[in-house]
Amino acid sequence: MECIQEDLRTTAPKNGLSPEENIVIPKTGQNKDCDPRTTIHVDSFLYDDDLIDSLCDEGHMTRNYCIDCGSRNISPLTFISHSASREQVEFVFQWALPDLTGKTLVDIGSRLGPFLYGAFLYSSATGIYGIEMNSHFCQLQQKVVEKYSMSERVQIICDDMCNQSKVLQQADVVILHNVFEFFLPPDAQSRTESISLLNMMIQEQKFLKVVDCHEHRHVEVLHHFHCHQKQTP
């Protein structure tokens, strides 16, 4: 996993965003206070806190901004990631999910592919699919899959999730990690096709949502329409 991270750091931008992406700041929810002028996008799969500190020490990044230019009146910048960290990925496959031997896993909005690589390295899932509509990220993932000989079990699908209902229906586990927020306006997030697909996955008890809450890494597993939280020990 560390080798994959190192490879991606040389090809992916530090903010983990594709040139094709148009960021939409949320108007509601826990990230509604993100100000585009003071919010820094950093991919947590590629850069943990120690690496960010090193980049700050080297002058490549800063954690603060000046409220009144030229004064000492400074405030911390908001850091946000659109990927899961390596620790989150390891927790999902080592603690949150059951044995995936012979199972099929689908990651919707797979971006740089951390959950795909985690499923390959930490589980025995036979079918691992990443559905990603951004061609830039699909190319980066495909390079990793080919370089590390994952093609037998891992497949990248460059498409909208709404066109892949057959793949989703065959899945035993479906992962969504910050799929819509920041990338789609509210009206697009509530598209009938998306809602119906998500309802289908919840009803079939194969929906896994990874979240960060108050800096504590945990996952929410929706099972029988109830949400059970498991927190890292």
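This is a predicted model: local features need pLDDT of at least 70, side-chain atom pairs count only at pLDDT 80 or more; totals for chains, interfaces and linings use all residues.
**Charged side chains and their partners**

Asp 7, with a relative accessibility of 22%, counts as partly exposed, a class that lies between the buried limit of under 20% and the exposed limit of over 50%.

Asp 7 takes part in a salt bridge with Lys 147, in which the closest N and O atoms are 2.8 Å apart. Lys 147 belongs to helix 5 (residues 135-147), whereas Asp 7 belongs to helix 1, so this pair ties together parts that are 140 residues apart in sequence. The two partners fall into separate accessibility classes, since Lys 147, at 54% relative accessibility, counts as exposed, while Asp 7, at 22%, counts as partly exposed. Side chains of opposite charge can pair when their charged atoms come close.

Altogether, the structure holds four salt bridges, and another of them is formed by the side chains of Arg 9 and Glu 6, with an N to O distance of 2.8 Å. Here both partners lie in helix 1 (residues 2-11), and because they are three residues apart, they are separated by about one helical turn. Arg 9 is partly exposed, with a relative accessible area of 22%, and Glu 6 is likewise partly exposed, with a relative accessible area of 45%.

Glu 90 and Arg 86 both lie in helix 3 (residues 86-96), four residues apart, which corresponds to about one turn of the helix. Glu 90 has a relative accessible area of 22% and is partly exposed, and Arg 86, at 22% relative accessibility, also counts as partly exposed. Through salt bridges that share partners, Glu 2, Arg 86 and Glu 90 are joined into one network.

Helix 3 also contains Glu 87, which, at 35% relative accessibility, counts as partly exposed. Glu 87 forms a negative surface patch together with Asp 48, Asp 49 and Asp 50.

Key: Residues are numbered from 1 along each chain as its sequence is written. Side-chain values use heavy atoms; hydrogens and water are left out. Helices (H or I, at least four residues) and strands (E, at least two) are DSSP runs, numbered from the N terminus. Buried means under 20% relative accessible area, exposed over 50%, partly exposed in between (1.4 Å probe, protein chains only). Patches are made of residues with over 30% relative accessible area and no salt bridge: like charges are joined within 9 Å, nonpolar side chains (Val, Leu, Ile, Met, Phe, Trp, Tyr) within 5 Å. Accessible areas come from the Shrake-Rupley method with a 1.4 Å probe; for residues, only the protein chains shown count as cover. Lys and Arg count as positive and Asp and Glu as negative; His and the chain ends are not counted. The place of a charge is taken as NZ of Lys, CZ of Arg, CG of Asp or CD of Glu.
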